[in-house]
Amino acid sequence: MTGPDPRTVPSLFTRDLIALAQRDDFDRIERSVERLAGCTQPVQLTGRTTTLDATTHEVLRHYSTDTEPLGRLLVACGNRRATRCPACSRTYAADTYHLIRAGLSGGKGSPEQVRTHPRVFATLTAPTFGPVHNRPTTRTGKPFPCRCGTLHGADHPALGTPLEPTAYDYTGAVLFNAHAGALWARFTTYLRRAVAHAAGLTTSELREHCRVSFAKVAEFQKRGLVHFHAIVRLDGPDGGTTAPPSWATPDLLTDAIRQAAERAVVTVTSDAIGERELRWGAQLDVREIARPDHTADPAAPLTDAVVVGYIAKYATKSAEGTGTIDRPLYCATCKGRGRTPTVPGLTAECRTCDGTGLAEPLADLNVASHTRQMIRTCWHLGALPDFAHLNLTKWAHMLGFRGHFSTKSRRYSTTLGNLRDARRTWQAEQARLRDNRPALDPATTLVLSDWRYLATGYTPGEELLAQTVRDNRTATQRLKREGDAA
């Protein structure tokens, strides 16, 4: 139930807000919106939940959306994309920050002793698929002209675009993005083998002495290719709770990462393009993260705080930073196939997209020509049977990348699910104290729930309330920044 922009139709939003304000339960409506902290696209649910005594089945607590002022419950959308929902993306970024930080400094269930384990910060980049406009710098950081002869500004739109678009390997670029996740998996396999080999152990024996833990995030470069930033740590056999063996050093880990990055390769074979080997780019950066008792690089110490802040800022970003769009391009009716089923065994041209499979014509996209060609290549390769398993038409707006933007190994630290559960538990406890309800023991109770999706968004009046919440949060953050600067 999303309405038009309140700036274009103010009377509609004002009338609805006045109607809500005249209700006796307006304060409850206001609180339900404030609770979402400015979410732009909340989910509307209807249903009920009942808490029973696990032994006697006595009803201890019952909630139904029938008791809500507007007959439904608003739940935050939880979208991690800042372009879609700034409020929920900030929550996601905060969770990712704490998840990464717990694996570096301890906390949230991770021991503080992980700070003393060998840790490095590694960046694995994509290879070149053709020369692009760039902004090279000298060792002192002074920029000099691109190979095209122009000294580009830091935000020049040509940065990352091919010098010779007709000679650029768009097929290779899209296939690299599509296989980046698989290439990372190969890298972690070779990394464990390299660590084991350096220690004089087999891979199976390594598990009894040492464990490789990591957390990584993906970042899109301006040229539309993904690369990974990762924290890699050496632990004892049971993870962060146990100390690594004496031979596990940052230098050993650094050498193992370099060997694994060089060996990792994914081979793609197709009748249409032949055989290709996908590898990491030549630019590989591995830096030790300073331990609490010493500094790895006195001139530029890479501390826990620096690494966590650097990684967390990419948690809410996506391919939009390259100039692409933040929504799927395939037609929702035919799922991008261009045809819809009529009777069993027969199909007909999709009327929604006129058989193109596209929700909107590629020529109408407000993107740069380089980005449009990446998207067009995704669509072309996605139509080939050899690449059907890559779902490139579904992920064309992501320029072929279909992996998660942040992942971690099982024993690196806590999980996003645990952090969300802890937040929900705290919020529920605060609500219980506010309503003066008795505490219930989860071990002796049974919860039965039945929820149904109703719609997405606010009513026009609620949208005005949500905008007020966003403005207040923005003002508070600005005052905090100004206070910190002073």
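Predicted model: local features only at pLDDT ≥ 70, side-chain atom pairs only at ≥ 80, totals over all residues.
Student: What makes the span of helix 6 close to the expected one?

Tutor: Helix 6 has 14 residues, and its first and last C-alpha atoms are 20 Å apart.

Student: Why is Leu416 called buried?

Tutor: Leu416 has a relative accessible area of 18%. Buried means under 20%, so Leu416 qualifies. Leu416 lies in helix 9, where Leu419, Ala431 and Arg432 are buried too.

Student: What covers the buried residues of helix 9?

Tutor: Helix 3 (86-105) is part of the cover. Leu416 itself touches Tyr92, Asp95, Thr96 and Leu99, leaving out residues up to four places away in sequence. Thr96 sits 320 residues from Leu416 along the chain, yet their C-alpha atoms are 7.2 Å apart.

Student: Back to helix 6. Which of its residues are buried, and what do they pack against?

Tutor: The buried ones are Pro250, Leu252, Leu253, Thr254, Ala256, Ile257, Ala260 and Ala261. They pack against strand 4, helix 4, strand 6 and strand 9 (284-288).

Student: Why is the set that includes Ile257 called a nonpolar core?

Tutor: The term asks for buried residues of nonpolar types, joined through side-chain atoms within 4.5 Å. The largest such set has 66 residues, and Ile257 is among those touching the most other members, along with Phe187, Leu191, Val232, Trp280 and Phe401. Elements giving two or more residues to this core include strand 4 (119-124), strand 6 (226-235) and helix 6 (250-263). Helix 4 supplies the largest share, 15 residues. In soluble globular proteins, nonpolar side chains tend to be buried together.

Student: Which residues is Val232 in contact with?

Tutor: Leaving aside neighbours within four places in sequence, Val232 is in contact with Pro118, Arg119, Val120, Leu191, Val212, Ser213, Phe214, Leu253 and Ile257. There's also a second, separate core of 17 residues, with Ala215, Val217, Leu302 and Ile311 among them.

Student: What lines the largest cavity?

Tutor: Ile29, Ser32, Glu68, Pro69, Leu70, Arg72, Leu73, Leu74 and Glu462 do. Helix 2 (26-34) and strand 3 (73-75) are the elements that each give two or more residues. By class, the lining has five nonpolar, one polar and three charged residues.

Student: How many residues does the whole protein have, and what share is buried?

Tutor: There are 486 residues, and 43% count as buried. The protein has 10 helices and 13 strands, and its C-alpha trace spans about 70 × 60 × 60 Å along the principal axes. Among contacts between residues at least 6 apart in sequence, 70% join residues at least 24 apart.

Notes: Residues numbered from 1 in each chain as written. Heavy atoms only, no water. 1 Å grid on protein atoms, 1.4 Å probe; cavity = no way out; pocket = protein on both sides within 12 Å on 5 of 7 lines; lining within 4 Å. Helix = DSSP H or I, 4+ residues; strand = E, 2+ residues; numbered from the N terminus. Nonpolar A, V, L, I, M, F, W, Y, C, P; charged D, E, K, R; others polar. Buried < 20%, exposed > 50% of the residue type's maximum accessible area, 1.4 Å probe, protein only. Contact = heavy atoms within 4.5 Å. Expected span 1.5 Å × (residues − 1).
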